[in-house]
Amino acid sequence: MHIVVCMKQVPRDNSVKINPDLSINAEGIEQIMNLFDEYAVEEGLQWNEKLGGKVTVLSLGPEEWKEQIRRALAMGATDALLLSDPSFAGLDVLGAARAVAAAINKLGDVDLVLAGRNSTDDESGAFGPALARMLGWPQLTYVGKIAELDEGSKRIVAERHLEEQIETVESRLPAVVTVVKDINEPRYPSLLRIKRVAKVEIPIWSAADLGLSAQAPAASIAARVPPPPRAKGEIIQGADAAEKVRTLVDKLMESQVI
Amino acid sequence: MPNEIWVLIEKARHSDNIAAISRELLGKGRQLADAAGTQLAALVLGSGMGALAERAFAYGADKAYVVDDAALAQYTTDGFVGAAAALAKKYQPALILSGASFQMRDFSAALAAELGVGLAIDATNVTIEGEQISAVRPSHGGNVINTIAFGAARPAVVAARKQSWPEAQEQAGRSGEVVQESMPGVEIRTKVTNVSPKQGAVNLADAAIIVSGGRGLGSPENYFKLIPPLAEALGGAYGASRAIVDAGWIPYEHQVGQTGKTVSPKLYMAVGISGAIQHLAGMRTSRTIVAINKDADAPIFRVASYGLVGDASEIVPLLTEEIKKRAGR
(Lines give C-alpha, C1' and ligand atoms only; values in the text may rest on other atoms or scores of the structure.)
Protein backbone atom coordinates (compact mmCIF):
# COMPACT_ATOMS: atom_id res chain seq x y z
CA MET A 1 0.00 0.00 0.00
CA HIS A 2 1.25 3.47 -0.87
CA ILE A 3 0.39 6.03 1.80
CA VAL A 4 1.15 9.72 1.27
CA VAL A 5 1.31 11.93 4.34
CA CYS A 6 0.91 15.65 3.74
CA MET A 7 2.99 17.65 6.16
CA LYS A 8 3.35 21.36 6.72
CA GLN A 9 6.00 23.28 8.60
CA VAL A 10 4.65 25.89 11.02
CA PRO A 11 5.99 28.30 13.64
CA ARG A 12 6.13 26.71 17.12
CA ASP A 13 3.93 29.48 18.44
CA ASN A 14 1.79 32.06 16.74
CA SER A 15 3.46 35.24 17.98
CA VAL A 16 3.98 36.23 14.34
CA LYS A 17 4.15 39.69 12.78
CA ILE A 18 2.71 40.97 9.55
CA ASN A 19 5.00 42.19 6.75
CA PRO A 20 4.12 45.34 4.76
CA ASP A 21 3.23 43.10 1.78
CA LEU A 22 0.76 41.28 4.11
CA SER A 23 2.79 38.08 4.21
CA ILE A 24 3.36 36.51 7.63
CA ASN A 25 6.64 37.21 9.38
CA ALA A 26 7.64 34.36 11.65
CA GLU A 27 11.27 35.45 12.00
CA GLY A 28 12.92 34.28 15.18
CA ILE A 29 10.28 31.63 15.88
CA GLU A 30 11.39 28.01 15.68
CA GLN A 31 9.83 26.09 12.78
CA ILE A 32 8.34 22.71 13.64
CA MET A 33 6.27 20.00 12.00
CA ASN A 34 2.59 20.94 12.30
CA LEU A 35 1.51 19.01 15.38
CA PHE A 36 -1.54 17.39 13.78
CA ASP A 37 0.58 16.28 10.81
CA GLU A 38 2.91 14.50 13.21
CA TYR A 39 -0.03 12.27 14.16
CA ALA A 40 -0.68 11.69 10.46
CA VAL A 41 2.96 10.65 9.93
CA GLU A 42 2.78 8.25 12.89
CA GLU A 43 -0.48 6.74 11.60
CA GLY A 44 1.07 6.25 8.17
CA LEU A 45 4.09 4.52 9.70
CA GLN A 46 1.98 2.20 11.85
CA TRP A 47 -0.09 1.01 8.89
CA ASN A 48 3.01 0.68 6.76
CA GLU A 49 4.51 -1.59 9.42
CA LYS A 50 1.40 -3.78 9.19
CA LEU A 51 0.79 -3.71 5.46
CA GLY A 52 4.15 -2.97 3.84
CA GLY A 53 4.60 -0.76 0.81
CA LYS A 54 5.60 2.88 0.93
CA VAL A 55 4.98 5.94 3.09
CA THR A 56 5.80 9.14 1.24
CA VAL A 57 5.96 12.33 3.22
CA LEU A 58 4.95 15.22 0.98
CA SER A 59 5.24 18.89 1.67
CA LEU A 60 4.62 22.08 -0.28
CA GLY A 61 6.88 24.95 0.63
CA PRO A 62 10.34 26.48 0.37
CA GLU A 63 13.53 24.40 0.45
CA GLU A 64 13.96 25.07 4.18
CA TRP A 65 11.08 22.71 4.79
CA LYS A 66 13.39 19.81 4.03
CA GLU A 67 14.31 19.97 7.70
CA GLN A 68 10.92 18.72 8.84
CA ILE A 69 10.72 16.29 5.92
CA ARG A 70 13.93 14.79 7.29
CA ARG A 71 12.33 14.51 10.69
CA ALA A 72 9.50 12.47 9.12
CA LEU A 73 12.08 10.33 7.31
CA ALA A 74 13.88 9.80 10.60
CA MET A 75 10.58 8.73 12.16
CA GLY A 76 10.41 6.04 9.45
CA ALA A 77 8.87 7.42 6.26
CA THR A 78 10.26 5.52 3.27
CA ASP A 79 10.05 8.29 0.66
CA ALA A 80 9.86 12.06 0.51
CA LEU A 81 8.75 14.70 -1.93
CA LEU A 82 8.92 18.48 -1.76
CA LEU A 83 6.80 20.65 -4.01
CA SER A 84 8.62 23.92 -4.32
CA ASP A 85 8.32 26.79 -6.75
CA PRO A 86 8.54 30.57 -6.41
CA SER A 87 4.98 30.71 -7.75
CA PHE A 88 3.75 28.69 -4.74
CA ALA A 89 4.64 31.47 -2.27
CA GLY A 90 1.28 33.18 -2.19
CA LEU A 91 -0.93 30.11 -2.63
CA ASP A 92 -4.07 29.93 -0.52
CA VAL A 93 -5.30 26.63 0.81
CA LEU A 94 -7.28 25.82 -2.34
CA GLY A 95 -4.26 26.57 -4.51
CA ALA A 96 -2.05 24.40 -2.32
CA ALA A 97 -4.57 21.57 -2.56
CA ARG A 98 -4.56 21.90 -6.36
CA ALA A 99 -0.77 21.56 -6.50
CA VAL A 100 -0.71 18.61 -4.09
CA ALA A 101 -3.50 16.91 -6.06
CA ALA A 102 -1.39 17.26 -9.22
CA ALA A 103 1.57 15.66 -7.43
CA ILE A 104 -0.52 12.77 -6.12
CA ASN A 105 -1.95 12.17 -9.57
CA LYS A 106 1.59 12.17 -10.94
CA LEU A 107 2.72 9.64 -8.31
CA GLY A 108 -0.13 7.56 -9.66
CA ASP A 109 -0.22 4.59 -7.30
CA VAL A 110 -1.44 6.25 -4.08
CA ASP A 111 -4.03 4.40 -1.97
CA LEU A 112 -4.41 6.72 0.97
CA VAL A 113 -3.55 10.33 1.79
CA LEU A 114 -3.19 11.30 5.45
CA ALA A 115 -2.92 14.82 6.86
CA GLY A 116 -3.51 16.58 10.16
CA ARG A 117 -6.98 17.93 10.82
CA ASN A 118 -5.62 21.45 10.32
CA SER A 119 -2.41 23.42 10.50
CA THR A 120 -1.88 25.34 13.71
CA ASP A 121 -1.13 28.55 11.82
CA ASP A 122 -3.91 28.82 9.22
CA GLU A 123 -6.35 26.81 11.35
CA SER A 124 -9.01 26.35 8.67
CA GLY A 125 -9.06 22.57 8.22
CA ALA A 126 -9.86 23.14 4.54
CA PHE A 127 -6.83 21.44 3.02
CA GLY A 128 -7.95 17.80 3.37
CA PRO A 129 -11.47 18.32 1.99
CA ALA A 130 -10.21 20.54 -0.84
CA LEU A 131 -7.56 17.98 -1.78
CA ALA A 132 -10.13 15.15 -1.78
CA ARG A 133 -12.45 17.10 -4.09
CA MET A 134 -9.63 17.95 -6.48
CA LEU A 135 -8.56 14.32 -6.61
CA GLY A 136 -12.18 13.20 -6.93
CA TRP A 137 -11.70 10.94 -3.90
CA PRO A 138 -13.86 10.46 -0.82
CA GLN A 139 -12.81 12.26 2.36
CA LEU A 140 -12.91 11.21 6.02
CA THR A 141 -12.06 14.15 8.26
CA TYR A 142 -11.34 14.38 12.02
CA VAL A 143 -10.46 10.70 12.21
CA GLY A 144 -9.48 9.48 15.68
CA LYS A 145 -9.14 5.82 14.76
CA ILE A 146 -8.60 3.81 11.60
CA ALA A 147 -10.19 0.47 12.42
CA GLU A 148 -9.60 -1.24 9.09
CA LEU A 149 -7.47 -0.55 6.08
CA ASP A 150 -7.54 -3.20 3.41
CA GLU A 151 -5.56 -3.09 0.23
CA GLY A 152 -7.28 -6.05 -1.40
CA SER A 153 -10.86 -4.89 -0.99
CA LYS A 154 -9.80 -1.22 -1.21
CA ARG A 155 -11.74 -0.39 1.91
CA ILE A 156 -11.25 1.78 4.98
CA VAL A 157 -13.29 1.89 8.18
CA ALA A 158 -12.61 4.82 10.46
CA GLU A 159 -14.04 6.69 13.42
CA ARG A 160 -14.59 10.42 12.99
CA HIS A 161 -14.25 12.20 16.31
CA LEU A 162 -16.65 15.14 16.11
CA GLU A 163 -17.46 17.61 18.89
CA GLU A 164 -20.14 15.54 20.58
CA GLN A 165 -20.29 12.26 18.72
CA ILE A 166 -18.24 9.56 17.13
CA GLU A 167 -19.23 8.44 13.65
CA THR A 168 -18.08 5.14 12.24
CA VAL A 169 -17.65 5.53 8.49
CA GLU A 170 -16.79 3.09 5.74
CA SER A 171 -15.33 4.19 2.49
CA ARG A 172 -13.60 2.87 -0.57
CA LEU A 173 -9.96 3.63 -1.31
CA PRO A 174 -8.24 5.73 -2.47
CA ALA A 175 -9.37 8.31 0.07
CA VAL A 176 -8.16 11.37 1.94
CA VAL A 177 -8.14 11.13 5.73
CA THR A 178 -7.42 13.93 8.20
CA VAL A 179 -6.55 12.96 11.76
CA VAL A 180 -7.06 14.37 15.25
CA LYS A 181 -4.76 14.29 18.24
CA ASP A 182 -6.22 11.24 20.00
CA ILE A 183 -5.36 8.87 17.15
CA ASN A 184 -1.91 7.76 18.39
CA GLU A 185 1.24 8.78 20.22
CA PRO A 186 3.91 9.89 17.69
CA ARG A 187 7.35 8.33 18.10
CA TYR A 188 10.54 10.27 18.49
CA PRO A 189 13.02 9.77 15.67
CA SER A 190 16.06 7.82 16.86
CA LEU A 191 19.49 9.43 16.70
CA LEU A 192 20.66 6.62 14.48
CA ARG A 193 17.91 7.28 11.98
CA ILE A 194 18.42 11.04 12.16
CA LYS A 195 22.04 10.46 11.10
CA ARG A 196 21.06 7.98 8.43
CA VAL A 197 18.64 10.36 6.70
CA ALA A 198 20.77 13.50 7.08
CA LYS A 199 22.06 13.26 3.53
CA VAL A 200 19.16 11.57 1.78
CA GLU A 201 18.31 13.35 -1.44
CA ILE A 202 14.81 14.82 -1.28
CA PRO A 203 13.26 15.17 -4.75
CA ILE A 204 11.75 18.54 -5.60
CA TRP A 205 8.95 19.03 -8.09
CA SER A 206 8.26 22.49 -9.48
CA ALA A 207 5.04 23.93 -10.90
CA ALA A 208 6.31 22.99 -14.37
CA ASP A 209 6.99 19.40 -13.26
CA LEU A 210 3.38 19.25 -12.13
CA GLY A 211 2.06 20.82 -15.32
CA LEU A 212 0.48 23.61 -13.30
CA SER A 213 -0.28 26.94 -14.86
CA ALA A 214 -0.81 30.07 -12.79
CA GLN A 215 -4.40 30.44 -11.67
CA ALA A 216 -5.79 33.49 -9.91
CA PRO A 217 -7.13 32.57 -6.50
CA ALA A 218 -10.90 32.77 -6.04
CA ALA A 219 -10.35 34.90 -2.94
CA SER A 220 -7.40 36.93 -1.72
CA ILE A 221 -6.13 38.60 1.41
CA ALA A 222 -7.16 42.26 1.23
CA ALA A 223 -5.94 43.22 4.69
CA ARG A 224 -4.11 41.70 7.63
CA VAL A 225 -3.88 43.38 10.99
CA PRO A 226 -3.01 42.41 14.53
CA PRO A 227 -6.01 41.96 16.83
CA PRO A 228 -7.31 45.08 18.55
CA PRO A 229 -5.63 45.38 21.94
CA ARG A 230 -7.75 44.21 24.86
CA ALA A 231 -9.04 46.95 27.12
CA LYS A 232 -6.63 47.38 30.00
CA GLY A 233 -7.57 45.13 32.85
CA GLU A 234 -7.31 45.67 36.56
CA ILE A 235 -5.76 43.73 39.38
CA ILE A 236 -8.33 43.46 42.14
CA GLN A 237 -7.00 44.68 45.46
CA GLY A 238 -8.25 43.78 48.91
CA ALA A 239 -7.19 43.17 52.48
CA ASP A 240 -7.64 39.41 52.13
CA ALA A 241 -8.86 36.78 49.68
CA ALA A 242 -12.47 37.11 50.87
CA GLU A 243 -12.54 40.83 50.15
CA LYS A 244 -10.95 40.37 46.72
CA VAL A 245 -13.51 37.70 45.88
CA ARG A 246 -16.42 39.94 46.93
CA THR A 247 -15.06 42.80 44.82
CA LEU A 248 -14.65 40.50 41.82
CA VAL A 249 -18.20 39.18 42.09
CA ASP A 250 -19.50 42.78 42.47
CA LYS A 251 -17.77 43.76 39.27
CA LEU A 252 -18.92 40.72 37.32
CA MET A 253 -22.51 41.27 38.45
CA GLU A 254 -22.43 45.01 37.76
CA SER A 255 -21.25 44.39 34.21
CA GLN A 256 -23.85 41.60 33.87
CA VAL A 257 -21.21 39.02 33.02
CA ILE A 258 -22.85 36.70 35.56
CA MET B 1 -32.51 41.87 -7.82
CA PRO B 2 -29.00 40.88 -6.73
CA ASN B 3 -28.36 37.23 -6.13
CA GLU B 4 -29.72 35.63 -2.96
CA ILE B 5 -28.00 34.94 0.32
CA TRP B 6 -28.29 31.36 1.54
CA VAL B 7 -27.93 29.90 5.00
CA LEU B 8 -27.38 26.17 5.46
CA ILE B 9 -29.79 25.21 8.23
CA GLU B 10 -28.83 22.77 10.98
CA LYS B 11 -31.31 21.17 13.34
CA ALA B 12 -30.86 21.73 17.07
CA ARG B 13 -29.57 18.57 18.68
CA HIS B 14 -32.04 18.42 21.54
CA SER B 15 -35.19 20.03 20.12
CA ASP B 16 -37.19 20.40 16.91
CA ASN B 17 -36.00 23.95 16.45
CA ILE B 18 -33.17 25.04 14.21
CA ALA B 19 -29.75 25.19 15.84
CA ALA B 20 -28.48 28.34 17.59
CA ILE B 21 -25.79 28.77 14.92
CA SER B 22 -28.47 28.76 12.20
CA ARG B 23 -30.47 31.40 14.09
CA GLU B 24 -27.30 33.48 14.30
CA LEU B 25 -26.62 33.07 10.58
CA LEU B 26 -30.23 33.95 9.70
CA GLY B 27 -29.90 37.12 11.80
CA LYS B 28 -26.72 38.15 9.99
CA GLY B 29 -28.06 36.96 6.63
CA ARG B 30 -31.21 39.06 7.07
CA GLN B 31 -29.11 42.18 7.68
CA LEU B 32 -26.93 41.49 4.63
CA ALA B 33 -29.93 40.72 2.41
CA ASP B 34 -31.75 43.91 3.45
CA ALA B 35 -28.67 46.05 2.87
CA ALA B 36 -28.05 44.46 -0.54
CA GLY B 37 -31.73 44.50 -1.54
CA THR B 38 -31.96 40.76 -2.02
CA GLN B 39 -33.68 37.75 -0.50
CA LEU B 40 -32.54 35.50 2.30
CA ALA B 41 -33.02 31.81 1.64
CA ALA B 42 -32.68 28.79 3.93
CA LEU B 43 -31.00 25.71 2.51
CA VAL B 44 -32.60 22.70 4.18
CA LEU B 45 -30.90 19.40 3.41
CA GLY B 46 -32.05 16.27 5.19
CA SER B 47 -34.62 13.56 5.47
CA GLY B 48 -37.97 14.48 7.02
CA MET B 49 -36.61 17.91 7.93
CA GLY B 50 -39.04 19.97 5.84
CA ALA B 51 -40.53 21.54 8.99
CA LEU B 52 -37.25 23.35 9.53
CA ALA B 53 -38.14 25.56 6.56
CA GLU B 54 -41.08 27.01 8.54
CA ARG B 55 -38.77 27.57 11.49
CA ALA B 56 -36.31 29.38 9.21
CA PHE B 57 -39.12 31.68 7.99
CA ALA B 58 -39.94 32.52 11.61
CA TYR B 59 -36.30 33.57 12.05
CA GLY B 60 -36.17 35.77 8.98
CA ALA B 61 -35.79 33.69 5.80
CA ASP B 62 -37.90 34.70 2.78
CA LYS B 63 -37.51 31.44 0.97
CA ALA B 64 -36.37 27.87 1.55
CA TYR B 65 -34.75 25.42 -0.82
CA VAL B 66 -35.55 21.97 0.50
CA VAL B 67 -34.02 18.68 -0.55
CA ASP B 68 -35.82 16.00 1.44
CA ASP B 69 -34.26 12.66 0.66
CA ALA B 70 -33.36 9.49 2.54
CA ALA B 71 -29.83 9.85 1.15
CA LEU B 72 -29.45 12.95 3.35
CA ALA B 73 -30.61 11.31 6.60
CA GLN B 74 -26.99 11.27 7.78
CA TYR B 75 -24.42 13.89 6.93
CA THR B 76 -22.04 12.68 4.25
CA THR B 77 -19.72 14.97 2.32
CA ASP B 78 -20.83 13.56 -1.02
CA GLY B 79 -24.54 13.86 -0.22
CA PHE B 80 -24.51 17.35 1.24
CA VAL B 81 -21.93 18.86 -1.10
CA GLY B 82 -23.61 17.16 -4.08
CA ALA B 83 -27.02 18.60 -3.20
CA ALA B 84 -25.72 22.07 -2.30
CA ALA B 85 -23.51 22.31 -5.40
CA ALA B 86 -26.36 21.31 -7.72
CA LEU B 87 -28.67 23.92 -6.18
CA ALA B 88 -25.94 26.58 -6.23
CA LYS B 89 -25.30 25.96 -9.93
CA LYS B 90 -29.02 26.18 -10.70
CA TYR B 91 -29.91 29.26 -8.61
CA GLN B 92 -26.57 31.14 -8.44
CA PRO B 93 -26.66 32.53 -4.88
CA ALA B 94 -24.17 35.28 -4.04
CA LEU B 95 -23.19 33.78 -0.70
CA ILE B 96 -23.60 30.51 1.19
CA LEU B 97 -23.26 30.80 4.96
CA SER B 98 -22.79 27.83 7.27
CA GLY B 99 -21.45 27.22 10.75
CA ALA B 100 -17.85 26.16 11.34
CA SER B 101 -18.26 22.97 13.37
CA PHE B 102 -16.08 20.04 12.25
CA GLN B 103 -18.94 18.78 10.07
CA MET B 104 -19.50 22.22 8.54
CA ARG B 105 -15.78 22.70 7.87
CA ASP B 106 -15.83 19.34 6.09
CA PHE B 107 -18.82 20.61 4.08
CA SER B 108 -17.81 24.18 3.25
CA ALA B 109 -14.24 23.41 2.21
CA ALA B 110 -15.38 20.58 -0.08
CA LEU B 111 -18.18 22.76 -1.49
CA ALA B 112 -15.83 25.64 -2.33
CA ALA B 113 -13.36 23.25 -3.99
CA GLU B 114 -16.18 21.53 -5.90
CA LEU B 115 -17.52 24.85 -7.23
CA GLY B 116 -14.08 26.45 -7.71
CA VAL B 117 -15.06 29.46 -5.60
CA GLY B 118 -13.55 31.37 -2.67
CA LEU B 119 -13.74 30.20 0.93
CA ALA B 120 -13.46 31.73 4.38
CA ILE B 121 -13.60 29.36 7.35
CA ASP B 122 -14.10 30.54 10.92
CA ALA B 123 -15.33 33.94 9.76
CA THR B 124 -16.25 36.45 12.44
CA ASN B 125 -17.73 38.98 10.02
CA VAL B 126 -19.06 39.19 6.47
CA THR B 127 -19.70 42.35 4.48
CA ILE B 128 -21.20 43.10 1.08
CA GLU B 129 -20.39 46.43 -0.54
CA GLY B 130 -21.79 46.63 -4.03
CA GLU B 131 -20.29 43.64 -5.83
CA GLN B 132 -17.55 43.09 -3.25
CA ILE B 133 -18.10 40.34 -0.71
CA SER B 134 -15.53 40.18 2.09
CA ALA B 135 -15.09 38.12 5.22
CA VAL B 136 -12.97 38.60 8.31
CA ARG B 137 -11.28 35.53 9.75
CA PRO B 138 -8.69 35.26 12.50
CA SER B 139 -5.72 32.93 12.03
CA HIS B 140 -2.50 32.25 13.96
CA GLY B 141 -4.35 31.82 17.21
CA GLY B 142 -6.08 35.16 16.88
CA ASN B 143 -2.78 37.02 16.39
CA VAL B 144 -3.65 37.83 12.78
CA ILE B 145 -6.99 39.18 11.61
CA ASN B 146 -7.40 38.55 7.88
CA THR B 147 -9.81 40.28 5.56
CA ILE B 148 -10.60 37.92 2.71
CA ALA B 149 -11.81 39.60 -0.47
CA PHE B 150 -13.82 37.26 -2.67
CA GLY B 151 -13.25 37.47 -6.40
CA ALA B 152 -16.02 37.47 -8.99
CA ALA B 153 -16.79 33.74 -8.75
CA ARG B 154 -20.06 33.04 -6.94
CA PRO B 155 -21.16 31.89 -4.47
CA ALA B 156 -18.74 33.05 -1.82
CA VAL B 157 -18.59 30.21 0.73
CA VAL B 158 -18.34 31.35 4.35
CA ALA B 159 -18.29 29.11 7.44
CA ALA B 160 -18.81 31.36 10.44
CA ARG B 161 -17.49 31.03 13.96
CA LYS B 162 -20.16 30.63 16.62
CA GLN B 163 -21.18 33.61 18.73
CA SER B 164 -20.08 36.09 16.08
CA TRP B 165 -23.53 37.70 15.83
CA PRO B 166 -26.70 37.86 17.92
CA GLU B 167 -29.32 35.21 17.17
CA ALA B 168 -32.34 36.26 15.10
CA GLN B 169 -35.49 36.79 17.14
CA GLU B 170 -38.49 34.65 16.33
CA GLN B 171 -41.27 36.55 14.55
CA ALA B 172 -44.68 34.91 14.74
CA GLY B 173 -46.70 34.68 11.56
CA ARG B 174 -43.83 35.08 9.07
CA SER B 175 -43.97 32.73 6.15
CA GLY B 176 -42.11 32.20 2.91
CA GLU B 177 -41.84 30.35 -0.34
CA VAL B 178 -40.77 26.69 -0.26
CA VAL B 179 -38.86 25.43 -3.28
CA GLN B 180 -38.75 21.63 -3.27
CA GLU B 181 -35.84 20.14 -5.18
CA SER B 182 -34.98 16.53 -5.76
CA MET B 183 -31.70 14.94 -4.79
CA PRO B 184 -29.24 15.13 -7.71
CA GLY B 185 -27.75 11.88 -8.95
CA VAL B 186 -24.52 11.92 -6.97
CA GLU B 187 -22.75 8.83 -5.78
CA ILE B 188 -22.32 8.72 -2.01
CA ARG B 189 -19.05 6.89 -1.46
CA THR B 190 -18.93 6.91 2.32
CA LYS B 191 -21.38 5.11 4.57
CA VAL B 192 -22.03 6.04 8.19
CA THR B 193 -22.55 2.73 9.97
CA ASN B 194 -22.74 3.97 13.55
CA VAL B 195 -23.10 7.21 15.48
CA SER B 196 -22.52 7.21 19.20
CA PRO B 197 -22.34 10.04 21.69
CA LYS B 198 -18.80 10.85 22.78
CA GLN B 199 -18.05 9.74 26.31
CA GLY B 200 -17.77 12.77 28.56
CA ALA B 201 -18.17 15.12 25.61
CA VAL B 202 -17.67 18.75 26.49
CA ASN B 203 -18.73 21.20 23.89
CA LEU B 204 -16.56 24.05 25.06
CA ALA B 205 -17.29 26.02 21.89
CA ASP B 206 -20.96 26.28 22.94
CA ALA B 207 -20.36 27.29 26.56
CA ALA B 208 -21.09 30.90 27.56
CA ILE B 209 -18.88 30.54 30.63
CA ILE B 210 -15.69 28.48 30.90
CA VAL B 211 -13.49 27.93 33.94
CA SER B 212 -10.08 26.48 33.05
CA GLY B 213 -7.35 25.20 35.31
CA GLY B 214 -3.63 24.74 34.80
CA ARG B 215 -0.47 23.45 36.35
CA GLY B 216 -0.56 26.12 39.07
CA LEU B 217 -3.24 24.05 40.78
CA GLY B 218 -0.55 21.59 41.76
CA SER B 219 -2.37 18.27 41.39
CA PRO B 220 -5.28 16.62 39.58
CA GLU B 221 -7.05 16.24 42.95
CA ASN B 222 -6.89 19.99 43.42
CA TYR B 223 -8.14 20.58 39.90
CA PHE B 224 -11.22 18.43 40.44
CA LYS B 225 -11.84 19.82 43.92
CA LEU B 226 -11.76 23.44 42.71
CA ILE B 227 -12.55 23.84 39.03
CA PRO B 228 -15.71 21.80 38.23
CA PRO B 229 -17.59 23.13 41.29
CA LEU B 230 -16.81 26.72 40.30
CA ALA B 231 -17.85 26.02 36.71
CA GLU B 232 -21.07 24.46 37.99
CA ALA B 233 -21.86 27.42 40.24
CA LEU B 234 -21.50 29.66 37.19
CA GLY B 235 -23.51 27.33 34.95
CA GLY B 236 -20.47 26.87 32.73
CA ALA B 237 -18.11 24.22 31.42
CA TYR B 238 -14.56 23.46 32.55
CA GLY B 239 -11.42 23.51 30.48
CA ALA B 240 -7.71 22.96 30.87
CA SER B 241 -4.29 24.06 29.72
CA ARG B 242 -2.21 21.79 27.50
CA ALA B 243 0.26 21.19 30.35
CA ILE B 244 -2.26 19.34 32.49
CA VAL B 245 -3.79 17.49 29.55
CA ASP B 246 -0.32 16.25 28.61
CA ALA B 247 0.28 15.36 32.26
CA GLY B 248 -2.82 13.17 32.11
CA TRP B 249 -4.90 15.06 34.69
CA ILE B 250 -7.84 15.45 32.33
CA PRO B 251 -8.77 14.28 28.79
CA TYR B 252 -7.84 16.20 25.64
CA GLU B 253 -11.51 17.11 25.14
CA HIS B 254 -11.03 19.84 27.74
CA GLN B 255 -7.92 21.42 26.25
CA VAL B 256 -8.14 25.10 25.30
CA GLY B 257 -5.42 26.54 23.08
CA GLN B 258 -3.51 26.26 19.83
CA THR B 259 -3.70 22.48 19.63
CA GLY B 260 -6.97 22.19 21.54
CA LYS B 261 -10.17 24.17 21.24
CA THR B 262 -10.55 27.83 20.35
CA VAL B 263 -13.25 29.36 22.51
CA SER B 264 -14.82 32.77 22.77
CA PRO B 265 -17.20 32.70 25.74
CA LYS B 266 -18.82 35.60 27.57
CA LEU B 267 -16.65 34.82 30.59
CA TYR B 268 -13.38 32.88 30.70
CA MET B 269 -11.73 32.21 34.04
CA ALA B 270 -8.12 31.00 34.00
CA VAL B 271 -7.04 29.51 37.30
CA GLY B 272 -3.40 28.58 37.85
CA ILE B 273 -2.70 29.10 34.14
CA SER B 274 0.39 31.19 33.42
CA GLY B 275 -0.82 32.15 29.94
CA ALA B 276 1.61 30.65 27.42
CA ILE B 277 1.00 32.11 23.97
CA GLN B 278 -0.42 28.75 22.85
CA HIS B 279 -3.08 28.98 25.55
CA LEU B 280 -3.87 32.63 24.83
CA ALA B 281 -4.39 31.62 21.19
CA GLY B 282 -7.42 29.61 22.25
CA MET B 283 -9.16 32.11 24.52
CA ARG B 284 -7.99 35.66 23.95
CA THR B 285 -11.19 36.71 22.18
CA SER B 286 -13.32 35.84 25.23
CA ARG B 287 -15.41 38.86 26.19
CA THR B 288 -14.38 39.01 29.86
CA ILE B 289 -11.31 37.21 31.17
CA VAL B 290 -10.64 36.61 34.87
CA ALA B 291 -7.20 35.35 35.88
CA ILE B 292 -6.34 33.85 39.25
CA ASN B 293 -2.66 33.16 39.73
CA LYS B 294 -0.14 33.45 42.52
CA ASP B 295 2.53 34.85 40.20
CA ALA B 296 1.76 38.56 39.70
CA ASP B 297 4.01 38.59 36.61
CA ALA B 298 2.21 35.73 34.83
CA PRO B 299 1.46 36.69 31.19
CA ILE B 300 -2.21 35.75 31.67
CA PHE B 301 -2.69 39.02 33.58
CA ARG B 302 -1.85 40.95 30.40
CA VAL B 303 -5.04 39.76 28.72
CA ALA B 304 -7.17 39.60 31.88
CA SER B 305 -10.06 42.00 32.41
CA TYR B 306 -9.81 41.23 36.14
CA GLY B 307 -6.86 39.69 37.90
CA LEU B 308 -6.64 38.17 41.37
CA VAL B 309 -3.15 37.53 42.65
CA GLY B 310 -3.14 34.80 45.24
CA ASP B 311 -3.47 31.13 46.09
CA ALA B 312 -6.18 29.36 44.07
CA SER B 313 -6.80 26.85 46.88
CA GLU B 314 -7.85 29.74 49.09
CA ILE B 315 -9.57 31.96 46.51
CA VAL B 316 -11.58 29.47 44.44
CA PRO B 317 -13.70 27.92 47.25
CA LEU B 318 -14.56 31.44 48.49
CA LEU B 319 -15.46 32.47 44.95
CA THR B 320 -17.64 29.40 44.42
CA GLU B 321 -19.53 30.10 47.67
CA GLU B 322 -19.90 33.81 46.90
CA ILE B 323 -21.33 33.07 43.47
CA LYS B 324 -23.75 30.46 44.82
CA LYS B 325 -24.92 32.93 47.45
CA ARG B 326 -25.23 36.03 45.28
CA ALA B 327 -26.09 34.73 41.84
CA GLY B 328 -28.67 32.40 43.37
CA ARG B 329 -27.45 29.15 41.87
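Predicted model: local features only at pLDDT ≥ 70, side-chain atom pairs only at ≥ 80, totals over all residues.
Reader: Why is A:Tyr142 called buried?

Author: A residue is buried if 20 or more other C-beta atoms lie within 10 Å of its own, and A:Tyr142 has 25 such neighbours, so it counts as buried. A:Tyr142 sits in strand 9 of chain A, and it has a positive phi of about 55° although it is not a glycine.

Reader: What makes A:Leu22 count as partly exposed?

Author: The class of partly exposed residues lies between the limits of 12 or fewer neighbours for exposed and 20 or more for buried; A:Leu22 has 16 C-beta neighbours inside 10 Å and therefore counts as partly exposed. A:Leu22 belongs to the loop between strand 3 (17-18) and strand 4 (24-25) of chain A, and its phi, too, is positive, at about 75°, although it is not a glycine.

Reader: Why is A:Gln165 called partly exposed?

Author: With 15 C-beta neighbours inside 10 Å, A:Gln165 counts as partly exposed, because that class lies between 12 or fewer and 20 or more. A:Gln165 is part of strand 11 of chain A, and it touches B:Val195, B:Ser196, B:Pro197 and B:Lys198, leaving aside residues up to four places away in sequence.

Reader: What makes helix 2 (residues 66-75) of chain A largely enclosed?

Author: Of the 10 residues of helix 2 of chain A, 8 are buried, so the helix is largely enclosed by the rest of the structure. The buried residues include A:Gln68, A:Arg70 and A:Arg71 as well as A:Ile69 and A:Leu73. They pack against several elements of chain A, among them helix 1 (35-51), strand 6 (54-60) and helix 5 (191-197). Just after helix 2 of chain A, A:Gly76 takes a positive phi of about 140°.

Reader: What makes strand 15 of chain A and strand 13 of chain B edge strands?

Author: The open sheet has 6 strands in the order 15(A)-16(B)-15(B)-14(B)-12(B)-13(B), with parallel pairing. Strand 15 of chain A and strand 13 of chain B each have a single partner strand, so one side of each is left without a neighbour in the sheet.

Reader: How do you know that strand 12 of chain B pairs with strand 14 of chain B?

Author: Pairing requires at least two bridges, and strand 12 and strand 14 of chain B share 5 in the parallel sense, so they count as paired. One position of this pairing sets B:Ser212 opposite B:Ala270. Strand 14 of chain B also pairs with strand 15 of chain B over 5 bridges, again in the parallel sense, with B:Ile289 as the bridge partner of B:Tyr268. Between these two strands the chain passes through helix 7 (residues 277-283) of chain B, and this β-α-β crossover is right-handed.

Reader: What makes strand 14 of chain A a partner of strand 8 (residues 144-150) of chain B?

Author: The two are joined by 6 bridges and run antiparallel, against a requirement of at least two, so they count as paired. In this pairing A:Ser220 has B:Ala149 as its bridge partner. The contact between the chains takes 66 residues from chain A and 75 residues from chain B, and on the side of chain A that touches chain B the largest share, 9 residues, comes from helix 6 of chain A. The residues of that side divide into 36 nonpolar, 12 polar and 18 charged.

How values were computed
Residues numbered from 1 in each chain as written. Chains lettered and ligands numbered in written order. Contact = placed C-beta atoms within 7 Å. Helix = DSSP H or I, 4+ residues; strand = E, 2+ residues; numbered from the N terminus. Nonpolar A, V, L, I, M, F, W, Y, C, P; charged D, E, K, R; others polar. Right-handed = clockwise from strand over helix to strand, strands pointing away.
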